[in-house]
Amino acid sequence: MTSSEAASAPTLPELEASPGFWRGRRVLVTGGSGFLGSHVVERLRACGAEPFVPRRAQFDLTRQADVERVYEAARPQLVMHLAAEVGGIGANRAAPGRFFYANAMMGVAMIEQARVAGVEKFVQIGTVCAYPKITRVPFREEDLWAGYPEETNAPYGIAKKALLVQLAAYREQYGLNGIYLLPTNLYGPRDNFDPATSHVIPALIRRMAEARRDGAGELPVWGTGEASREFLYVDDAARAILLAAEHYDGVEPVNVGIGNEIRIRELAGLIAGLVGFEGRLAFDPTQPDGQPRRSLDTSRALRLFGFRARVPMHEGLRRTVEWYLSQGSA
């Protein structure tokens, strides 16, 4: 499907994954034991699919030989490549080389082996970090190449964006049916709450829960608080991936999000209320904000594979906070 065809395609109604499509289908899900991947695997199993989830201890997906072994073990009809080296601003600043190398090597090897194995379809998960630092809001897919990404996560974003080019080239030369999704920032139960590598929502939830426990009167927060982000509840993202895998076969990238943004200052206030932290939030403007604004135009996802996010921000945050606190971590 070309850009003009995608733009003129009729909008689909909201859809659900079809057990008739998924039942018995062999699906290789890299990163299937991770945050997003675990929710995708749950949905695949509920639809009757047969997901194969490689473990890092057995398969290093940055090595071509291990990627070949994964394909031999899984014999996939469809591949969902969700595995990634990810982290927040601090982690991106600390390990830009690792983030570039690991994400580029995994993706290149996985796509190449999909070609060799003759899989029916390859689903590549990209990143909103691939968009230019200064992008008109809401972000539209046609603006993906309009500038350089925000510096703190450019190595990660560019590595992932290169895979869009690879999929387009492999479609043209080899006929590989590969699709590319651009999810916004995700959050929800089973997120990464490690303070060294977590993103903003789990980081704030953990730090506020610990500050409440310790009776702290003030909590430092990176940045000015004025930057905005769009956040998508993880189960909505998992639903979108299954819908795209089932219904979308085009070359164009597709945004996956909720379609609105929230300032970090407001987000922190919501989390404080849900956690029960009553101290002062001390924003630190000497620390980076990252990209100034992020909000996606999500109309293409609805038009092409019938996806619209369902979980509103406050409800998703409530579920996430409740899950974290239920783990006895604070």
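Reply: Start with Y324, which has a relative accessible area of 3%. Keep in mind that this is a predicted model.

Me: Why is Y324 called buried?

Reply: Buried means under 20% relative accessible area. Y324 has 3%, so Y324 is buried.

Me: What makes the pair of F193 and Y324 stacked?

Reply: Two rings pair if their centres lie within 6.5 Å, and planes under 30 degrees apart count as stacked. The centres of F193 and Y324 are 4.6 Å apart, with 20 degrees between the planes.

Me: Where in the chain do F193 and Y324 lie?

Reply: F193 is in the loop between β6 and α8, and Y324 is in helix α12. They are 131 residues apart, and the pair links distant parts of the chain.

Me: Is F193 buried or exposed?

Reply: F193 has 9% relative accessibility, so F193 counts as buried.

Me: How many aromatic pairs does the structure hold?

Reply: There are nine. One of them joins Y187 and Y233, with ring centres 5.7 Å apart and planes at 70 degrees.

Me: Why is the pair of Y187 and Y233 called edge-to-face?

Reply: Planes over 60 degrees apart count as edge-to-face. The planes of Y187 and Y233 are at 70 degrees, so the pair is edge-to-face.

Me: What does the pair of Y187 and Y233 tie together?

Reply: Y187 lies in strand β6 and Y233 in strand β9, so the pair ties together parts that are 46 residues apart in sequence. Y187, at 0% relative accessibility, counts as buried, and so does Y233, at 7%. Ring pairs also link F231 with Y187 and Y233 into a cluster.

Me: How do you know that the charged end of R115 sits over the ring of Y174?

Reply: For an Arg, CZ must be within 6 Å of the ring centre and within 35 degrees of the ring normal. The charged end of R115 is 4.6 Å from the centre of the Y174 ring and is listed as sitting over that ring. The charged end of K161 sits over the ring of W145, 4.5 Å from its centre.

Me: How do you know that the span of helix α6 agrees with its number of residues?

Reply: Helix α6 has 22 residues and should span 32 Å at 1.5 Å a residue. Its end C-alpha atoms are 32 Å apart, so the two values agree. Just after α6, G118 takes a positive phi of about 70 degrees.

Me: What covers the buried residues of α6?

Reply: The cover includes β1, α4, β3, α5, β4 and α7. Among the buried residues of α6 are F99, M106, M110 and I111.

Technical notes: Residues are numbered from 1 along each chain as its sequence is written. This is a predicted model: local features need pLDDT of at least 70, side-chain atom pairs count only at pLDDT 80 or more; totals for chains, interfaces and linings use all residues. Side-chain values use heavy atoms; hydrogens and water are left out. Helices (H or I, at least four residues) and strands (E, at least two) are DSSP runs, numbered from the N terminus. The expected span of a helix is 1.5 Å times one less than its number of residues. Buried means under 20% relative accessible area, exposed over 50%, partly exposed in between (1.4 Å probe, protein chains only). Contact means heavy atoms within 4.5 Å. Rings of Phe, Tyr and Trp (its six-membered ring) pair if their centres lie within 6.5 Å; planes under 30 degrees apart count as stacked, over 60 as edge-to-face and the rest as tilted.
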